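Today I'm looking up charged side-chain pairs first, then a bit of surface.

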Amino acid sequence: MHSPLAPHRPAYLRLVRASAWYDLAATAAFATPWTYAVLHGALSSLSSAWGLGALPAADPLQTLYANLMGSVVLVWSLLRILRPLPEYGLFDGAARTLFAAWQAYALAQGATRLLWFFLVLEVSFGAAQLLPWWRPGARTATVPQNTGAGADATVR
């Protein structure tokens with residue numbers, strides 16, 4: 001019997017879409033210099049108010065990297081919302097593993113402890129999307145593939 005979260009099951013695709021909605025909500029404000037300035041101010045105030053450590057002052061290079069990350073995640077999120085596929089969950093889980101590693105590294109280097117909240121979510125969504133791929137039969141999921149002729153074909 002297959003798990004409801006097997007990669008080819010509707011529940012897994014709902015998970016892929018849910019993680020995309022979280023990413024969209026969490027990172028959309030990073031996508032432009034103007035929205036990032038507002039977000040940076042809000043996160044700085046929140047982090048200070050909760051005694052979790054200060055955020056470094058925003059500078060043009062930091063803003064550029066925040067905008068690049070926000071833009072890429074925005075597009076990746078929209079793809080997963082509009083067309084959730086099992087493989088997207090696998091790749092998103094892998095990306096979350098990398099991102100969680102860099103968040104842990106930043107925390108070890110003294111970054112604001114506010115980052116723990118995001119690290120827990122990254123690890124949770126990453127594990128939820130990766131674990132079903134290690135179950136028996138997970139790699140035999142049937143997925144649509146564009147054949148270039150305008151019709152979908154099924155591949156195993």
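Entry 1. I began inside helix α4, where D92 and R96 sit four residues apart, about one turn of the helix. Helices here are DSSP runs (H or I, at least four residues), numbered from the N terminus. D92 forms a salt bridge with R96, with the closest N and O atoms 2.7 Å apart. The cut-off I'm using for a salt bridge is a side-chain nitrogen of Lys or Arg within 4 Å of a carboxyl oxygen of Asp or Glu.

Entry 2. A note on what I'm working with: this is a predicted model, where local features need pLDDT of at least 70 and side-chain atom pairs count only at pLDDT 80 or more, while totals for chains, interfaces and linings use all residues. Residues are numbered from 1 along each chain as its sequence is written, and side-chain values use heavy atoms, with hydrogens and water left out.

Entry 3. Is R96 buried or exposed? I get 3% relative accessibility for R96, so it counts as buried (buried is under 20% relative accessible area, exposed over 50%, partly exposed in between, with a 1.4 Å probe and protein chains only).

Entry 4. I looked up burial for both: D92 has a relative accessible area of 2%, so it is buried, and R80 is buried at 0%.

Entry 5. How many salt bridges does the rule give? I count five.

Entry 6. Last, the surface. L61, L64, Y65 and L68 form a nonpolar patch there, with about 420 Å² of accessible area together. For patches I take residues with over 30% relative accessible area and no salt bridge, joining like charges within 9 Å and nonpolar side chains (Val, Leu, Ile, Met, Phe, Trp, Tyr) within 5 Å. Accessible areas come from the Shrake-Rupley method with a 1.4 Å probe; for residues, only the protein chains shown count as cover. Y65 lies in helix α3, and at 53% relative accessibility Y65 counts as exposed.

Notes:
Helix = DSSP H or I, 4+ residues; strand = E, 2+ residues; numbered from the N terminus.
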